Amino acid sequence: MDGNVQTYKGRLVAKGFRQIHGIDYDETFSPVAMFKSIQILLAIAAFHDYEIWQMDVKTTFLNGKLEEDVYMTQPEGFVTPENAGKVCKLQRSIYGLKQAS
């Protein structure tokens, strides 16, 4: 080894194909602002000379608490021989879950 460290970015994504509406989740929705609402907000801010800040919400789906019990198989490459038959119980939502939005 030459002492160099390589880093990689990754994201755990749920497949979601085994989730059944009415059993695993009741409803899915994502709050989305109407374009007219944004225009009105910007017009009011411009009229009153307010400062506007933008917030990035890339990790919104990773911070949601789950109301239902959601289990998933262990990700490939992270299964140890002594835990090969076990599954993971999610405590927070991950990308791809119906409950994430």
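How many helices and strands make up the secondary structure of the chain? The secondary structure comes to 1 helix and 2 strands, where helices (H or I, at least four residues) and strands (E, at least two) are DSSP runs numbered from the N terminus. The order of the elements from the N terminus is α-β-β. The model is predicted, with local features requiring pLDDT of at least 70 and side-chain atom pairs pLDDT 80 or more, whereas totals for chains, interfaces and linings use all residues. Residues are numbered from 1 along each chain as its sequence is written, and side-chain values use heavy atoms, without hydrogens and water.

Helix α1 covers residues 35–47. The expected span of a helix is 1.5 Å times one less than its number of residues; for the 13 residues of α1 this gives 18 Å, in agreement with the 18 Å between its end C-alpha atoms. After α1 comes D49, with a positive phi near 55 degrees.

Of the 101 residues of the chain, 16% count as buried (buried, under 20% relative accessible area; exposed, over 50%; partly exposed, in between; 1.4 Å probe, protein chains only). Among contacts (heavy atoms within 4.5 Å) with a separation of 6 or more, 69% join residues 24 or more positions apart.

The chain exposes about 9,600 Å², of which carbon and sulfur atoms supply 56%; accessible areas come from the Shrake-Rupley method with a 1.4 Å probe, and for residues only the protein chains shown count as cover. A nonpolar surface patch is formed by I38, L42 and I52, with about 260 Å² of accessible area together. Patches of this kind join nonpolar side chains (Val, Leu, Ile, Met, Phe, Trp, Tyr) within 5 Å, from residues with over 30% relative accessible area and no salt bridge. I52 lies in the loop between α1 and β1 and, at 52% relative accessibility, counts as exposed.

The salt bridge count (a side-chain nitrogen of Lys or Arg within 4 Å of a carboxyl oxygen of Asp or Glu) comes to 1. This salt bridge joins D69 and K89, whose closest N and O atoms are 3.5 Å apart. D69 lies in strand β1 and K89 in strand β2 (residues 87–92), so the pair ties together parts 20 residues apart in sequence. D69 is exposed, at 54% relative accessibility, and K89 is partly exposed, at 48%.

Key. Patch = residues over 30% accessible without salt bridge, like charges linked within 9 Å, V, L, I, M, F, W, Y side chains within 5 Å.
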